[in-house]
Structures are given as C-alpha cells and as structure tokens.
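Work through the exercises below with the sequence and model at hand. Try each task before reading its solution.

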Amino acid sequence: MMSFTFNYDQKKMKKFLNISLLSLVALTTLSLGSCKNEVDEIFDEDAVARLDQAKADFINILTNNGAPNGGKWQMEYYANANEPGYVYLMTFRPDGSVTISGKNEWIGSVDGESLKVPVYGSQTSLWDVITDNGPVLSLNSYNKYFHVFASPEDIPSMSDEDPDETGYGHEGDYEFDLMKYSNDTLYITGKKYGIDMIMTRVDDGIDDEVYMNEVVAMADSFFNAKIPQVYINLPNGVRWIVKNGATSLLKMFREGADEISTAETHNVIITHDGLSFMNPVTIDGYTIKNFIRQADGSLLCRDDNETTITADNLNNVFMIETFVWKADTTQAGGVFKDNLNDLKTQLNAYGKRKLTSVQIAYNTTLGVYGVDFSCLYGKSTFHPTFYMTAEAVGENQIKFRYTGEGNAASGVYAERCPAFLDFMNNLSSMTFTLETPSLLAPVEMKLSEGGNILYFKL
Amino acid sequence: MKKIQYYISAFLLVAVAAMSLSSCSEDKLGPTIFPDVDETLDPSSYTYKLDKFLNENYLKKYNLTFLYKMPDISTNMNYNLVPATYENSIDLAVLCKYLWFDVYDKVAGEDFLKNYGPRIILLIGSPAYNPTSGTEIVGLAEGGIKVSLFKVNELSRFLNNYYMMNEYYFKTMHHEFAHILHQTKTYPNEFNTISIGHYDSNNWQDRSVGQVNSLGFVTTYASSEFREDFAETIANYIVQTEDDWNHILDLASRGWASGDEDDVTSEFYCYYYYPNNDATQDLVYVSEYNVFTEVDEDGTVHKYWRNNTDDSGNRIVVYDVEDKDGINGAEAILQKVQIAREWLKTAWNVDLDELRNEVQTRQSNYDINELRKMVTEIQ
C-alpha cells in the first residue's frame, strides 16, 4: 500500500482563490484607468497553476501514480443523514474509467430485485478530477449502481408507506470536493449536499465481490435480529441502549431513560473492519464516531479506545425470557457427554425412543426455566421437561438449580431413564462460565465448568 | 406524479463582461486562443474514440462542444440531476449528427449551423423534475448558445421507437434550434395574433391535448406562450409523421367538452354517448381511444363505444361533441405552419418542407448499429 502524506487543505485553497479573485477584480478596476502592469507577487504561482497542480496531484493519488490497473479505494458513502451509509469500491484508472462495486439493497432495486436483501453489482463508468473552487472528484458518467443515490426518480418503497420522492430521490452526491489527503485516506465532501465522507486506499489485488461479501457478512455479524438490543458501554460505566442495529439506523437512549421521549436516531455505515457514525455523536460527554471490530466480536471506539458496543452481559442474555437455547449435543463434553450417551442408551431400551433435541427455555406461566428433552417414539414426540431456576453470577457466569419438578412426562421418563436426573443434577451442581464467538451478537454460547461443556445456539 | 415534458428557452443577458474588457497594447492575436484539440486527446483514454468523433464532427466543424461528462456546475443546481451513461452518449452523439446536423447541412448548407447552431450541447441523464407542478424539463436552450438534452439514460429503451426518440430528444433539438433562430431574427408578429387570448402560461400542463389542438396549438406546451408555440409548431411539423400530423389536425377540427368547462384541469373529450342508448339520460363523455368506427357500403360512418351494448344487445352509439369554441383549430395550426414556412424561407433560406422530408426519411431508415460505427471504428 502506498503511504505518503499529501495535504491539500481545500479551505486554504478556497481562501487563496478568494484572495486571488479579489486581487483580480482590484487589478481590473485599476487597469481601466491605468496601464501600469506591475503587481506585487504574493504567491509563487497563479491560482490556475496551483489548481492545475492540485488536480494533477489528486489524479496521481487516485490512480496510484498512474499505475495501469489504477488505484483501488473504499468510499464510505452517505446519500443523506436519514439513510445508512454504504461501502463502495472504486478502481480509478488513468484512462478515465472507474469500476464501482457495491453490495446493498438499492443495487438490487436497479435490476428489479427485492429491496430486502443486499445485492452485489459492479459497473465501469467515467471519472475525472475537475477544478471548481478547488479540486473536485466527479463521477461524471452514469453508473447505475452508484448514481442510483443521486437519481431524482421516485424511490421504491421498503414499507407500506410510499411517499412520492420524484424530483428528489435520495439526494446523494456524485461530485466530491477533495479536501485533504493523509495516510492513505482522502477526506471528501459531497459538493451539493455537503456530507463529509472518507475514501480509504485498499489493496489493488483484492477481489471486489469477495470484499463486498465480507462487508455484508460483517454487518450480519454485528447486529443479529435475534438480539433485540445492544449497549454502548461508556468509560464512566453508563450504558446507552441501541436498538434497530440491523437497519444501520441506530435508535439510542440512555439506560434507564424513557425510550419514547429521549431516544435519538443516528445513521451508521458498516465497513470491512468496523462501524462508523456519519457524524460524531456526543453522549454523556463522550464523543464517539468510529468503531473497529475486535477479535471477541465487540466494537471498540477508535476515538477514545475505551468505549465499546456489546450485547448485555452473557448471563443476562442467556436468561432473556423469550429466548430458546438449543443444545448442540454432539459438542457436549465431560459429564454431560456421558449423561447424554446414557440417555440415548436408556431411551433406546425404553421402546426404541430417540433423543432428538435438548433445549432450555423460560416457562412464563410457571416462572421457571425448563430443560426440554424431545423424545421421538414412533411418529410421536414427547417432551419430558425438568424445571430449574437460573441465577446470574458476575458478568459471565450462571448457576442453575433443579427444582425437583417437571411436567407430567418428566416423571415417567425419569423413572425409566435415570440419566435425565443425572443430567439435571450435574447441571445444578456447577457454576458455568459463558463464552461466545461474538460479544455483540451472542447467538451461540458455550457453558463450561472445567471440562464439562454444553454448547447452545439461539 | 403526472409527468409533462416541456422545454425552456432562457434569454440570457450576456454581453456586459466582454464590453468592459480593455487593453493597453495592441498584441497580435493568434488564430485561436484554444489549443489544438487533437493534441489533447490521449489515444489510451477510455473515451478516445468518442472524443475524437466529437472533435471531428462537432468541435472542428461547428465550433460546438458536445458535453457528455456532466459537471454539476453546468446545470441548474436546484434540480437533482444525474449524468448520462457513456453508451447512450455515443448513441445520441451519432444520432444528433445523422438526424439533426446532417439534415441542416443538406437542406440549408454547411455554413448554416456553423453560423447559427448552438455552441454547446449538454447531455443529462435524468429529467429535471419540478415536483410542485408535476412537470419535467426535457430540453433547455440558453441564450442561443447552449442546448441541454435531458433523459438521455432513457435512450436505450427508445432506440427502435423514433416516436419516443422524437418526443424526448429530436423534437427537443428542433424546438430549441427554432428558439435560437428566432432569437437571432424575429418571426412575424402575425404569428402571435392567431391564438391570442388562448395562451395559459400557468396551467398549460393541465390542459388536454385535444382541447389545445382544437384551440390551434400542436401541443399543450405550445399553448403556454407565443414563443413556445412558434418553436413547438416548427418542431412538431418537422418530426411528426404524416399520419401523426394528420391526427393532430383531426383532433384540432373536433369539438371538445368536459364535465366541468370552468375547470381547466378537467379532462376534455370529443365524443359522448347516452347510457343504454337512452337520450333521456345524462350524456357521458368518452375518449377517442374507446370509440371504434364502422363504414357502410354506402359510405355512411357509424361510431360506437368500444365493447359495450345496451340492454337490447345493440351497440352504444357515440356522437361527436359539438365544436363550440369558435376556432377552426386545424386552420389555425396550418396558418402558423405557413408563417413559419415563409419566415424560414425568407429569413434563413431554409425550406421547411424539404427539412421535414429529410428528417422523415432519415428517422424511418436509420440503423443505430451502422451509425455507431462512426465512433467504434475510429482508429
């Protein structure tokens, strides 16, 4: 990857141009009455030359110094403040062509696909760096997968409400003021609607579709629809609840505060390595914007290196009363592996019954958790269920206590198959530590004490 | 949204800056202040072939810049617009040459467009919508210098449909060029008197086509004001086929009525019937598209409401609406054409009918694949 710093501050450039224009006007006025052509030199080069140089420099940056295959960039694109941001890959070639690739719902709509799933699309069109009040990146021929956000056509509706947006569309930009370049990052601003965005250089060799699939997979791993809310964990210990994560339009409010009157909505973009808010958000005195995905699946704020986004404590998540956790019996370890093997043997002896699943769920009527064993007998399935309580210990441990009770089937089955009670007694005797592949979307949990292990999936 | 296309001609006040320039020396001027364009073309450029075609066929020949890479700054920023696709830009560039520039070269001579043609053609991919009025701009001529063509991204859908291509592009071109010509040499004031009192600059988009035809206008937009009427009359006369033109004149010679004559936005009809063929009932207006005609052996014409019968199984008879506007619409349209014909001949030495014949011949015989070769086969 190229790594040098080049800094064209466009504000300075505009200021310079303004000064130059004023100078020009003054000079013109003076020249109407005078033929004196002496002018004090303020800058080494005139405005046009400086602008031309800036244009040439940005073309070099975008094309990787004119490399035949061009330079590849990730654009974090926002059409407006009310929609999620979308990642696009752009390969700028010195011949004036640009291949733009993306994967999102709107790309699908271009080709008549459903709006509900992200669709990959890639098309080659034209680009240029033009000079306006400063250097401007112009995607100046229509690329159906990108300019869909700038098109004034009515937007296909994603819901029952279908307002007519004809004449407006998404109101996205396709020309961008090139503000600054630093550390393989271009800071750009939509020319018409003024949204600040960034472009980041990526490896020229990556495959666009693979990369975009990874971005979408990243989005899926962040916000799982089964997890109703996640938390922004601030350094001061305060938590903000985040809902609607899967829409990338985060509904946020302080834990304990009234959701209806205090919730605010912020749009975000999910990139190849994390998540960013369109604009910096200040909550409880902390300003957050960019988050990077950690190995544990959580998001860490790059701005303060302290704030995280995770689901609730794992034991609290496991105890959510609407959840049904299904055991992966093939991965059970220690005494539970033995119990389950015994159970299968005893059930087979009990009229060739088969254990088809084991799951833990909350019984709202009785106010207890239950371990439900599905047992297939002929074409019928029976559900001996054994009741227990659950108690959170610390942030990531949990204890279960078998109450000695269960449904009607449990008594009969326990009598014929003692391994049911062995399983429940072992479950009650341990303090389990919970682990998950993703602290943000803990839809899989490992419960263990030493070598005694149970795996569950939501 | 009800979409109605129209064109805008803007008269720009341009000259002041040029007049204010002064010089303190008598520097000799070179042949041109612009660089030799061929030197700026890079054969390795993605757009080299189109750029070379445009240089050869527009810039060098007519001093015309054909802008297909749309810079926002060239457009009205109040509209949300998108650029044209590169592929459609190629198609429109060759079609413009074949159906517009080559026609005038042949009929009016090669110097005509060099002297009076636009200096910039700007392609824009989308329409310019006016959400509040429900209209959209499909063409724009500014100060006789620049013609903007919108909806270029729709072109690929219409390549085999010259009617739609005329509606969106070529009628626009002739319309805008007519503006350029009359902004250079005024047309006779007599034209403005033919339909005086019947223009409606505020509600033209809500009028019915047949109604305005009957008032002496070729289109609803023509009924907005004098100058648009003039440009629309010329443009439609040039591009409409004989059948389509006669249809306009036919509608213009009919009577039109609506359920609410005072409501300019109400739909107008030229036929009506009585439910169940019972003349004691209130009449019902019906559009011409729902009427079919039968001619007896003796030449008697019968008109019926399509696919409907009365209680006895007889077809529902349809009647012509009485023409009560006091205007012979067809005659007014032909009068306007005649004024335009004479003005083009005397002011510009251009034969309108020859122009029309050439356009009609070309638009019904072009092969887009062959035309594209003008670009694709450039070495």
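This is a predicted model: local features need pLDDT of at least 70, side-chain atom pairs count only at pLDDT 80 or more; totals for chains, interfaces and linings use all residues.

Residues are numbered from 1 along each chain as its sequence is written, and chains are lettered from A and ligands numbered from 1 in the order in which they are written.

**Exercise 1.** Trace the barrel of chain A and find where E10 meets E17.

Step 1. Strands are DSSP runs (E, at least two residues) numbered from the N terminus, as are helices (H or I, at least four). Two of them pair if DSSP finds at least two bridges between them.
Step 2. In chain A, eight strands follow the order E10-E11-E12-E13-E14-E15-E16-E17 and close into a barrel with antiparallel pairing. From one strand to the next, the twist averages 30 degrees.
Step 3. E10 (residues 230-233) and E17 (residues 308-310) of chain A are joined by three bridges, in the antiparallel sense. There, Ile232(A) is opposite Ile309(A).

**Exercise 2.** Which strands does helix H4 of chain A lie across?

Step 1. Locate H4 at residues 208-222 of chain A.
Step 2. The helix lies across E13 (264-270), E14 (274-283) and E15 (286-293) of chain A.

**Exercise 3.** State how far apart the domain centres of chain B lie.

Step 1. Domain bounds come from an automatic or database domain assignment: domain 1 of chain B is 1-12 + 42-184 + 349-379, and domain 2 is 271-320.
Step 2. Their C-alpha centres are 45 Å apart.

Definitions and conventions. Axes are lines fitted to C-alpha atoms, for helices over the stretch in contact, and angles run from 0 to 180 degrees between N-to-C directions. Two residues are in contact if their C-beta atoms, placed from the backbone, lie within 7 Å.
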